[in-house]
Structures are given as C-alpha cells and as structure tokens.
Amino acid sequence: MKDKPRHKNVQHGSGGFEHLPDNEFYTGAPREHPLNEDRRESDNHRNRNTSRHQESVSGRPKPTVDPRERRALIGILRSIIIIILLIIAFFMLRQGVRLYEERVFMDSQTLPEISPVMRSAPLLDQFDIEEKGSEAVFAARIESWKEANRLVRSADGLLLRDNLDQAIARCQDALRLDPAHVGALERLGRLYFSKEMINEAINTYVSLLSVDPTRADLKELLIQALDANADSDAVILMARWHLEQHNYNEEVQRYLAKAFFQKEAYEEAISAYDRVLKDDPKDELALDQQATAYMMVEQYDQALNALGLLHDIRFRDPKYYRQLAVCYAQLGEGEETVKTLGKAAHLFGQDLVVGWVRDPKLDPVREDRSFQAFTDRVGG
C-alpha cells in the first residue's frame, strides 16, 4: 500500500512572499496616489504645460496643412490674380485702341458720307486716246454719260409728281456714273436744300463751283445754304467774293450784313445795312438790326433815327417801346423816357412796364423828377 502524502503545516508569513528575493520593487510601499486622493499642485501644473492641454484650452486645432502645400496655394492664387489683371489690361488696351481709331476716323471725316456728292471724287478722269483699247473705254464712257442723262430726265419726271426721295436717288445714281454731271448736281442741290439737308446742299454747290467757278447763281445758292447752316464766316467770304466778281446783288448784301451782325461785328453790320437801306429805306429787318447795332456801340442818337423809321411798322411791338425808352434814357432825356413808358403802359399794361423801370440802362434818368413820379404812379 502506498503511503498517503503527508501534509506539512507551512506557515506563510508576510502574505506568503517570504520566498521572493529581498527587492525594493516587491517590498517597497506603493508610490502611486490613491484615486481618491487629490493630485499635487505640481502635477496639475505639469499637465497644463503639455501641448495637448494647451490646444484644448486655447481652442485652436493643431495645424494640419503642410507648409509646402500652403506655399503652393499662395503661388496659385498669385498666378490667378496676374492672369485676371492681364485680361483686364488687354480689354482696356483694346477699348483704348478702338476709341483712338474712332477719333482718327472722325477727324478725317468732315461730313458724313451720305451720297456721292459727299465723297471726295475727282471730277475729271485722265483719258489717253492713244492707249491700247482706248476705243472700248471711250465707248463705255459715252454709254455711262447717256445713262446718267437718262437718270436725270427720270428724276425730272419724279419731281413733277413731288416724289423727292426717288428723284434724289436717281440723281445720285447719275453721279455715280458721272461725278461731274452738272444737271444732276443742280437738281440735287435744290432737293437737298428743300429737305433741309444743308450739309449735302453745301457740298453739292461746292462741287458745282469746282466745275464752273464763274457762275454767280451758284455762289448765291451756296451763300444761302451757308446762312442756313449759321456759318457766318463762310457767308462773309462768299458774299465778298460775289460782290467783287459780279454786279451788285441786294440779296447777297443782306446776307453779308446779317453775317456781320451775327458775329457781333456791329460796326461792319451798320455799314452793310446802310447799303441795304439805300436800296430800300423801309426795310423792316434792316432797320431793326441796324438800330440794335447802333445801341450795342452806344450810338443812341443814330439808333433813335432808325427806330423812328420803324414807328409805323412796330408801334404795336413792346420791344420797340423799350428800345426807345433806353435810347432816351441814355441820352439823358427824362421827359421823353417817361412819355415812351407811359405809352407802353397804356398799350400793354402797367405790369409789363414795372419790370422795365428796374432796368439799369434807365439809370441816367432815375433821379429825374418826372421819372420818379412815373415810377411812384406805376408802383415801380
């Protein structure tokens, strides 16, 4: 029989670790603080100094963009900005070039190119009869002349039916075949002027005078067109040329005087109107313009003479009485000034005359007793 193992009573001391080697790791007191024990201030301070803690406190996330990627992104943005600026500069340059071209074009075009008359076309073409093939060229030229004449006759028929626009078109077609066709130019000049196409009419008459500069009637038509265009300088030049080269023309003299007046060359206007009034002493427009010109140069006694000739024509015109009053006042004639203002008040009402008495041009008689009495009476 086997013997049963005998159990020895073993005394375990110190929790049963006596057999382990004497080592501080095993025998030393635990150094970690219990969970329920407050941490020391130094440990808390150490934890707050960590980077992770700083991120949580400041609320700023840790940068995740690589610096190289940031530099690449900045480079791309710069490139985009440069491209945009280049595009803007290109369009601005293109706009500037277009505006410059338009300005050059407008400077080179004195008048719009509306019809063949407005073009700078030679009136006479060179032709050499000895040149090879000249016979065919000459035959073609004759046919174009015939066709131009036919178109002008067709325009005359349209004029009889008051179809002005189609008549203008036929004359323009004739000029395309023959730029120096006098009949087409003459008809176009009248048609343009009647339709108030003044620039075209002027160019038409200039073309006609280029063909024949001795025609007095063309000069008169050109002067009329220039006057309608309010070109006083050109009217003076043309009128003087006409009066030098041809017999005296009263109508041309009127245009000359009117042009001087419009230019405020009053001395020349007075002289020019003297010649007009020599032919017709009762010319209403000439007398009125001359009286105004005399007043502008302060020759009030001469102005009174011209206004006196207008009495029978202008006695119902308020302007006439005001001019008279100013002339009398500037000459220091207070009683005549009051008489004139009294007539005007009787004819047109005191309210109108009240405005006149405040005119500084009446100051020379403002201290006159009769004038003061009159102003007190009318309430001025």
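A polar contact, as I use the term here, is a pair of N or O atoms within 3.5 Å, where one must be able to donate a hydrogen and the other to accept it. I keep that cut-off at hand for the first entry. The model is predicted.

**Entry: Asp-283**

I looked up Asp-283 first. Its side chain reaches the backbone nitrogen of Leu-285 at 3.2 Å. That distance is within the 3.5 Å limit. Asp-283 sits in the loop between helix H12 (266–279) and helix H13 (284–296). Is Asp-283 buried or exposed? Asp-283 counts as buried, because its relative accessibility is 8% and the cut-off is under 20%. I then set aside neighbours within four places in sequence and listed the contacts of Asp-283: Arg-254, Val-276 and Leu-277.

**Entry: the whole chain**

I counted 19 helices and zero strands in the chain. Of its 380 residues, 31% count as buried. I also checked contacts with a separation of 6 or more: residues 24 or more positions apart account for 48% of them.

**Entry: the nonpolar core**

I went to the largest nonpolar core next. It has 79 residues, and Leu-341 and Val-353 have the most contacts inside it. Which helix gives the largest share of this core? Helix H16 (residues 318–330) does, with eight residues. I listed what Leu-341 touches, not counting residues up to four places away in sequence. The partners are Ala-325, Val-353, Trp-356, Val-357, Leu-362, Phe-371 and Phe-374.

**Entry: helix H8**

I checked the length of H8 (residues 198–211). Its 14 residues should span 20 Å at 1.5 Å a residue, and its end C-alpha atoms are 20 Å apart, so the two agree. Ten of the 14 residues are buried, so H8 is largely enclosed by the rest of the structure. The buried residues include Ile-198, Ala-201, Ile-202, Tyr-205, Leu-208 and Leu-209. Glu-200, Asn-203, Thr-204 and Ser-207 are also among them. What do these buried residues pack against? I found helix H7 (182–194), helix H9 (216–228) and helix H10 (232–245).

**Entry: helix H11**

H11 (residues 250–262) has 13 residues. From first C-alpha to last it reaches 18 Å, close to the 18 Å expected at 1.5 Å a residue. I noted Val-252, Gln-253, Tyr-255, Leu-256, Ala-257, Ala-259, Phe-260 and Phe-261 as buried in H11. The buried residues of H11 pack against H9, H10, H12 and H13.

I then looked at both ends. Which residue caps the N-terminal end of H11? Asn-249 does, with a side-chain oxygen 2.9 Å from the backbone nitrogen of Glu-251. Just after H11, Glu-264 takes a positive phi of about 65°.

**Entry: salt bridges**

Side chains of opposite charge can pair when their charged atoms come close. I counted 19 salt bridges and looked up several.

Asp-165 and Lys-195 meet through their side chains at 3.1 Å, N to O. Asp-165 lies in helix H6 (residues 164–177) and Lys-195 in the loop between H7 and H8, so the pair ties together parts that are 30 residues apart in sequence. Lys-195 is partly exposed, with a relative accessible area of 33%.

Arg-215 and Glu-186 form another salt bridge, at 2.6 Å, N to O. This pair links distant parts of the chain, 29 residues apart: Arg-215 is in the loop between H8 and H9, and Glu-186 is in helix H7. Glu-186 counts as partly exposed at 21% relative accessibility.

Arg-275 and Asp-279 also pair, at 3.2 Å, N to O. They are four residues apart in helix H12, so about one helical turn separates them. An α-helix has 3.6 residues a turn, so residues three or four places apart point the same way. Arg-275 is partly exposed, with a relative accessible area of 29%. Asp-279 counts as partly exposed too, at 36%.

Which residues are linked in a network of salt bridges? I found Glu-284, Asp-288, Arg-314, Asp-317 and Lys-319.

**Entry: cysteines**

I searched the whole structure for disulfides and got zero. Cys-171 counts as buried at 0% relative accessibility. Cys-327 counts as buried at 0% as well.

Conventions:
Residues numbered from 1 in each chain as written. Predicted model: local features only at pLDDT ≥ 70, side-chain atom pairs only at ≥ 80, totals over all residues. Heavy atoms only, no water. Core = buried A, V, L, I, M, F, W, Y, C linked by side-chain atoms within 4.5 Å. Buried < 20%, exposed > 50% of the residue type's maximum accessible area, 1.4 Å probe, protein only. Helix = DSSP H or I, 4+ residues; strand = E, 2+ residues; numbered from the N terminus. Contact = heavy atoms within 4.5 Å. Expected span 1.5 Å × (residues − 1). Disulfide = S-S within 2.5 Å. Salt bridge = Lys/Arg side-chain N within 4 Å of Asp/Glu carboxyl O.
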